[in-house]
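Please walk through the structure below with attention to its charged pairs, one of its helices and its aromatic rings.

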Amino acid sequence: MKLVTMNCKADLMLQQIVLLLCYSYMIPRSSSFSTNVQQFPRQINNNGGHVVLPFVVPLSSRRSDSNLFRPLSRPLGNVRQTSLNSQVLPSMAATDVNIARVEEEERKLLSLIQLYKDSNASSKKPSSSSFVSLIEKWLAYPYPERAEAILDKMEELYTPSGRIYEKIINAWAFRAIEGINEINSEWVKSSLTEEEVGVAAAAATDDVDQGLMMMEEDERIKKMNRIREEAIQCSSKATQLLNRMEQLHREIGDDFRPALSTYTSVINAIARSSQKDETSLASQRDMIERIRAKRDEIYKQYEQQRIPIRSVEDVLSTSIYIQNLANADQILSKLKLDEEQQSPVPNRFNFNIIINALAQTGEIWAAQAAEDILDVMISEFQKGKFQLAPNLETFNGCMNAWAHCCSTEQHEDDAAFRVEGILDKLTMLRGMSSKNGTLSNLAPDTVTYNTIIKAYANRSDTKRAESILERLVSLYQKTGEERLRPDLISYSTVLNAYAKAAALDANASKKSEEILMKMISMQKEMLNEGDDRIVNNWCFNTVLNAYAAQGAGARASSLLSLMETMGESDEMLKPDTYSYNTVLKALANSNEKGSVERARQILEKMERRHANGDISVKPDAITYNTVILAYGNNGGIGAGNEAKDIVERMQNRFIQGDLECKPTSSTYTSLIKAFNWETDSIHHAEEVLLSLKSYPDSETTPLVSPDTPIYNAVLNCWAKNGSRGAVQRAEEILSEMKKEYHENGNDQVKPNCRTYTTIIDILAKSGEKEAPQRSLEILDEMETQYEAGDMDSKPNVFTYTAAINCFARSKDKNKAVQAVNILERMEEQYRKGNDSARPNVIAYNSVLNACAYTANEADAAETAFKIACLVFDEVRTSCHVQPTHVSSILFVEPHTFHYSFLPSYIILTLSFPFTLSLLFKNR
């Protein structure tokens with residue numbers, strides 16, 4: 001007796017619902033936590049005809065740097081604060097109705113906890129998901145204090161995930177920061193110019209008006225002090241919970257290792273919420289240093305010991321670290337020396353030189369040293385040493401040091417926040433006086449804000465970079481002071497940040513063009529007034545790069561036309577070769593109709609204009625390679641021959657003496673790709689490969705020798721064609737590459753991850769009996785080489801997915817078990833630090849595919865079904881992948897189910913209303 005399936009498309013949705021109901025009923029939520037995927041078959045048992053499965057915490061969520069909290073609104077203040085590199089949680093309006101609902105849910109949960117404690121019956125134990133759901137609802141308002149109270153209750157019954165701690169820590173930290181933002185906003189609104197103060201004083205003609213002004217000022221100060229106290233308490237709460245998490249990390253393991261961004265949030269909250277007196281600043285520095293020390297102990301982040309700088313003598317001794325710079329002699333020669341001792345004089349001029357020199361390194365230790373020098377100067381100034389009073393150059397130099405750290409490989413997560421923190425110090429020092437002078441004239445300028453913009457732009461925080469620019473524009477419009485006038489750097493830095501973010505942010509290119517149009521409009525007014533320009537062709541090229549990253553060929557072409565029109569009257573806006581190449585890149589990456597034809601027309605236009613004497617648009621190798629790539633990506637029938645003609649034109653230009661048009665490996669890789677559109681693609685690909693090989697009896701030497709990308713392109717051609725003999729030819733190419741690499745020492749033909757992955761893909765499509773085992777052998781080889789330090793052989797998610805597909809397409813009756821074992825290997829690689837091996841939804845779907853088409857034998861089908869249940873549960877509860885319609889279809893695939901599941905199916909069908917409610921409760 002078999003489960004009757006419905007083949008009609010109209011009944012597919014009903015079939016999926018019924019089977020998902022079966023799944024929902026047959027998988028009770030157990031209180032136990034993590035399970036190992038490799039042990040799935042051993043952990044699957046029958047109990048009274050129902051499948052009993054352990055509760056699975058998504059393996060993908062066990063990494064310490066995932067699933068961070070991103071609050072969207074705050075009860076403190078009006079500033080909308082967001083966190084970086086984090087997952088967005090749905091925002092909730094903090095209405096009385098919504099809060100009452102969550103409070104009712106909380107009361108029910110607390111009642112269940114008490115009932116469980118009184119009865120001690122495991123069946124009455126609240127599920128871990130009920131705690132997590134309630135915590136996330138409180139955080140979405142956000143009320144971290146309520147969320148932490150639920151966390152405390154959860155700890156009594158379960159071991160919460162480290163990510164829950166991080167969400168609450170970040171919520172406390174961002175509430176503290178928002179409080180400080182409100183204070184700053186209030187300070188900006190209340191700050192008056194001297195002229196405005198005079199007008200207000202003149203208006204207050206009697207004692208009553210003056211008294212009211214004083215009362216309003218007192219209330220404002222009390223309000224700001226109250227908010228600051230709340231911010232300090234929030235940062236303290238974040239620190240305390242961070243300490244708890246660090247303790248759990250020491251006791252339990254890496255799941256509780258705080259992410260670097262979590263440390264950043266806490267440090268930034270402390271730095272910005274402390275009182276500004278000297279005692280509080282000293283306490284703040286000590287606390288931040290302790291947190292950083294713990295962080296560095298966990299991550300072992302710094303290779304170089306931090307320079308101890310606590311006194312003037314320590315500052316002068318830092319000159320020995322400058323000697324390693326390329327222009328060290330030039331820097332040291334600028335220092336003013338004592339005439340008698342011939343040693344650097346301790347004054348502001350010398351200290352600024354040292355700070356600016358440290359900023360050049362782009363190293364974290366140097367940025368920290370620069371800020372320590374600033375702190376020493378502030379301390380000495382307060383003691384009465386006016387010659388060490390920091391000026392604006394001092395502050396800008398320190399900010400620049402941290403901004404450079406945001407763009408280096410030694411990037412520190414909180415570097416951008418440190419830049420803005422130095423601005424807070426500058427604001428605090430305004431009006432500070434000592435025995436010998438005052439710093440009341442110390443005020444930020446355009447360079448100051450440009451440095452902050454650069455810091456956030458370097459770490460791809462486009463929104464924060466733009467908000468700083470808007471702040472600068474607002475200050476300039478309000479004050480009219482020239483020192484705060486936004487310049488070309490101000491706008492172009494934000495423009496460049498959006499362009500770099502375009503690959504990940506769909507709206508970034510549109511936003512970058514909006515900024516460009518705004519700059520063009522502003523420049524028309526500025527040039528009429530004789531001011532400096534803020535737009536040039538580099539600005540246009542930046543936006544074109546954004547469109548190129550997204551493959552928006554039509555938008556890029558339209559912007560190029562505008563550039564050509566404006567360039568006729570303004571030489572600084574005229575497009576050059578780089579401009580045209582960028583548009584060609586956008587067209588090559590585009591799926592839009594006619595993109596290949598437009599690319600060909602642009603190439604012909606460049607050739608024609610260059611032939612007429614315009615050297616600014618001379619085609620080069622990049623130009624030709626990009627057009628050839630356009631044919632490879634979207635050429636259609638006949639693309640191979642068209643691309644071949646362009647290669648021949650390129651070769652002829654090089655032979656005639658144009659060295660900038662020399663063909664490269666990319667030329668022939670794209671040509672082979674273009675031949676994939678032809679019916680006899682393999683013949684053409686092998687012909688290209690043969691033409692590039694050098695033979696002793698040959699009269700000519702090829703312009704390019706075959707390398708790894710070219711071999712990979714040929715392998716890809718075999719994979720797409722699926723011809724008989726593909727496996728044998730793939731093995732021949734791999735042997736040829738290994739021989740050339742190992743015996744002749746030719747690094748250019750070393751097999752890499754793409755090579756091995758393509759070969760596994762060929763094996764999967766071949767249907768050969770030995771293909772699955774061979775794929776495992778290749779995986780073993782890659783993992784061994786990678787663990788030995790060969791980064792070129794590092795397997796990625798595509799490699800493992802191809803191996804899973806080998807089993808999914810085979811006739812192995814244990815294919816489901818083999819597939820899930822490969823999935824576990826992926827997870828193990830990811831936990832070891834191979835980020836590229838993190839399973840995605842395609843990998844999970846491939847395992848479900850293996851389960852769906854397992855042979856319809858009792859044992860094998862039942863095991864496949866149980867594995868499918870576990871894998872589908874993993875997908876639907878994962879925080880980093882979302883199931884697709886393919887996931888659902890594969891899960892309800894009739895081949896997966898066996899007649900032994902029919903009793904459950906009948907029971908669920910008869911009790912449909914109850915089961916429906918159970919389904920939505922579980923989901």
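**Salt bridges, a helix and an aromatic cluster**

R774 and E777 both belong to helix α33, residues 771–787, and, being 3 residues apart, they are separated by about one helical turn. The two residues form a salt bridge, with 3.4 Å between the closest N and O atoms. That distance falls inside the 4 Å limit applied to a side-chain nitrogen of Lys or Arg and a carboxyl oxygen of Asp or Glu, so the pair counts. R774 is partly exposed, at a relative accessible area of 21%. E777 is also classed as partly exposed, its relative accessibility being 40%. The model is a predicted one, and side-chain atom pairs count only at pLDDT 80 or more.

The buried residues of α33 are A771, P772, S775, L776, I778, L779, M782, E783 and Y786. Around the helix axis they cover an arc of only 160°, so they lie on the same side of α33. The elements that cover these buried residues include α32, α34 (797–808) and α35 (815–831). Just after α33 comes G789, which takes a positive phi of about 110°.

One of the covering elements, α32, spans residues 753–766 and contains T755. T755 has a relative accessible area of 0% and is therefore buried. Leaving aside residues up to four places away in sequence, T755 touches T708, N712, L715, L734 and M737.

Which parts of the chain does the bridge between R649 and E607 tie together? The side chains of R649 and E607 meet with 2.7 Å between N and O. R649 is in helix α27 (residues 639–655) and E607 is in helix α25 (residues 595–611), so this pair ties together parts that are 42 residues apart in sequence. R649 is partly exposed, with a relative accessibility of 31%. E607, in contrast, is buried at 18%, because the limit for buried is under 20% relative accessible area.

A further salt bridge joins the side chains of K618 and D658, at 2.9 Å from N to O. This pair also links distant parts of the chain: K618 sits in the loop between α25 and α26 (621–634), while D658 sits in the loop between α27 and α28 (665–675), and the two are 40 residues apart. Both K618 and D658 are buried.

E148, D152, E155 and R244 are linked in a network of them.

Cysteine pairing is a separate matter. How many disulfides does a search of the whole structure find? The search finds 0. The cysteines in the chain include C661, which is buried with a relative accessible area of 0%. Another is C717, which counts as buried at 1% relative accessibility.

Across the whole structure, a search finds 6 aromatic pairs. In one of them, the rings of W138 and Y141 have centres 6.1 Å apart and planes at 50°, so this pair is tilted. W138 is buried, at a relative accessible area of 0%. Y141 is buried too, at 4% relative accessibility. Y141 also pairs with Y143: their ring centres are 5.7 Å apart and their planes lie at 20°, so that pair is stacked. The cut-off behind this label is that planes under 30 degrees apart count as stacked. At 18% relative accessibility, Y143 counts as buried as well. Together, W138, Y141 and Y143 form one aromatic cluster.

Technical notes:
Residues are numbered from 1 along each chain as its sequence is written. This is a predicted model: local features need pLDDT of at least 70, side-chain atom pairs count only at pLDDT 80 or more; totals for chains, interfaces and linings use all residues. Side-chain values use heavy atoms; hydrogens and water are left out. Helices (H or I, at least four residues) and strands (E, at least two) are DSSP runs, numbered from the N terminus. Buried means under 20% relative accessible area, exposed over 50%, partly exposed in between (1.4 Å probe, protein chains only). Contact means heavy atoms within 4.5 Å. The arc is that of the directions from the helix axis to the C-beta atoms. A disulfide is a pair of cysteine sulfur atoms within 2.5 Å. Rings of Phe, Tyr and Trp (its six-membered ring) pair if their centres lie within 6.5 Å; planes under 30 degrees apart count as stacked, over 60 as edge-to-face and the rest as tilted.
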